[in-house]
Amino acid sequence: MKRQLHLLVIDPQNDFCDLPATWLPPGSAPALAVPGAHQDMLRVAQLIREGGGGLTQISVTLDAHHRYDIAHPAFWRTGDGGPVAPFTQISAQQVRARLFLPAASDALPRALAYLDALQQAGRYQLMVWPVHCEIGSWGQNIHAAVRAAYNAWEVDQLRVVAKLSKGSNPWTEHYSAVMAEVPDAQDAATQLNLDFLATLLPAQQIYVTGEAGSHCVKASTEHIADYLEAQQGKPALSRLVLLTDCMSPVTGFAAQQRDFLAAMHERGARLASSAEVLPELLSNALA
């Protein structure tokens with residue numbers, strides 16, 4: 001009898017991949033390329049192609065943003081009305097000091113409430129990112145090799161790859177595939193995704209891959225680990241396997257990925273390469 005082996009691929013999207021020129025359509029370029037992500041995704045695709053017969057479920061999460069979003073430049077202005085550059089961090093204190101302000105003046109109360117809640121949560125400070133994963137854009141699409149691999153898996157296994165969209169609420173950041181950084185009480189899509197988490201509970205191994213290891217992979221895995229531990233106890237975390245050669249950090253955030261991997265290992269998760277877990281999948285394919 002096959003073991004339940006679940007592959008989770010977090011945000012394997014063009015905008016996060018340092019694709020070579022030959023992979024780019026005319027006039028397009030990744031908006032937030034993570035160094036190493038293209039090779040990471042090629043390894044994910046290879047794992048699915050070679051070991052897919054041993055996988056009982058694949059889930060793919062998708063970042064999905066509007067151009068007007070609290071973490072995009074169009075939302076903000078400097079205190080004197082100038083544009084705010086990508087990779088600017090903004091705190092509630094800076095907004096109260098009028099160093100930064102929402103471009104729409106009526107957005108100020110809600111933006112401040114968000115920044116206060118974000119600060120209280122203590123996980124992140126608001127970052128103004130380049131516009132990325134805009135809904136309907138080429139950049140939001142999935143890396144071609146990963147998509148080709150899981151499409152073949154669907155045909156071979158006669159099963160559907162689960163696709164989870166996140167991030168379309170413009171009032172909150174949504175690094176985690178499981179829950180927004182500050183859930184919106186009026187938007188169920190920002191709250192804890194219990195339906196998705198339920199699909200992970202029966203898995204005997206959950207292989208975690210994707211981009212970026214410093215942000216969305218980190219935030220998603222932390223929420224998943226918290227949920228597994230709450231539902232099934234600390235030993236459940238040993239079922240998490242982080243494929244370290246299938247994720248990379250955003251430039252300048254290598255320490256965040258390193259600390260995240262160390263913390264998850266300390267909690268009981270396994271760190272492995274895609275080559276190291278391939279025999280597990282091949283064995284399961286024969287079961």
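In the predicted model, the side chains of S274 and D245 form a polar contact of 2.8 Å. S274 is located in helix α8, which spans residues 274–285. With a relative accessible area of 9%, S274 falls under the 20% limit and is therefore buried. Apart from residues up to four places away in sequence, S274 touches R43, L47, L243, D245 and C246. One of these, L243, is 31 residues from S274 along the chain, and the C-alpha atoms of the two residues are separated by 5.9 Å.

Two polar contacts of the N169 side chain were computed. In one, the side chain of N169 reaches the backbone nitrogen of W171 at 2.9 Å; in the other, the side chains of N169 and D187 are joined at 2.8 Å. When residues up to four places away in sequence are not counted, N169 touches D69, D184, D187 and T190.

Helix packing was examined for α1 (residues 37–51) and α4 (residues 144–157). The two helices pack with their axes 8 Å apart and at an angle of about 15°. Since angles under 35 degrees count as roughly parallel, α1 and α4 are therefore roughly parallel to each other. The crossing in which α1 passes α4 is left-handed. On the α1 side the contact is made by M41, L42, V44, A45, I48 and R49, and on the α4 side by A145, V146, A149, Y150 and W153. By class, this contact of α1 with α4 comprises 10 nonpolar residues, 1 charged residue and no polar residues.

E211 and A212 are joined by a cis peptide bond, with omega about -10°. A212 lies in the loop between β8 (205–210) and α6 (216–232). R98, although not a glycine, has a positive phi of about 65°. R98 is situated in the loop between α2 (92–96) and β5 (100–102), and its relative accessibility of 53% means that R98 counts as exposed. C133 is likewise a residue other than glycine with a positive phi, here near 50°. The loop containing C133 runs between β6 (126–128) and α4. C133 has a relative accessible area of 0% and is therefore buried, whereas R98 is exposed.

How values were computed
Residues numbered from 1 in each chain as written. Predicted model: local features only at pLDDT ≥ 70, side-chain atom pairs only at ≥ 80, totals over all residues. Heavy atoms only, no water. Axes fitted to C-alpha atoms, helices over the stretch in contact; angles between N-to-C directions. Helix = DSSP H or I, 4+ residues; strand = E, 2+ residues; numbered from the N terminus. Parallel < 35°, antiparallel > 145°, perpendicular 65-115°, else oblique. Left-handed = near helix turned anticlockwise from the far one by under 90°. Contact = heavy atoms within 4.5 Å. Nonpolar A, V, L, I, M, F, W, Y, C, P; charged D, E, K, R; others polar. Polar contact = N/O pair within 3.5 Å; in protein donor to acceptor, adjacent residues only side chain to side chain. Buried < 20%, exposed > 50% of the residue type's maximum accessible area, 1.4 Å probe, protein only.
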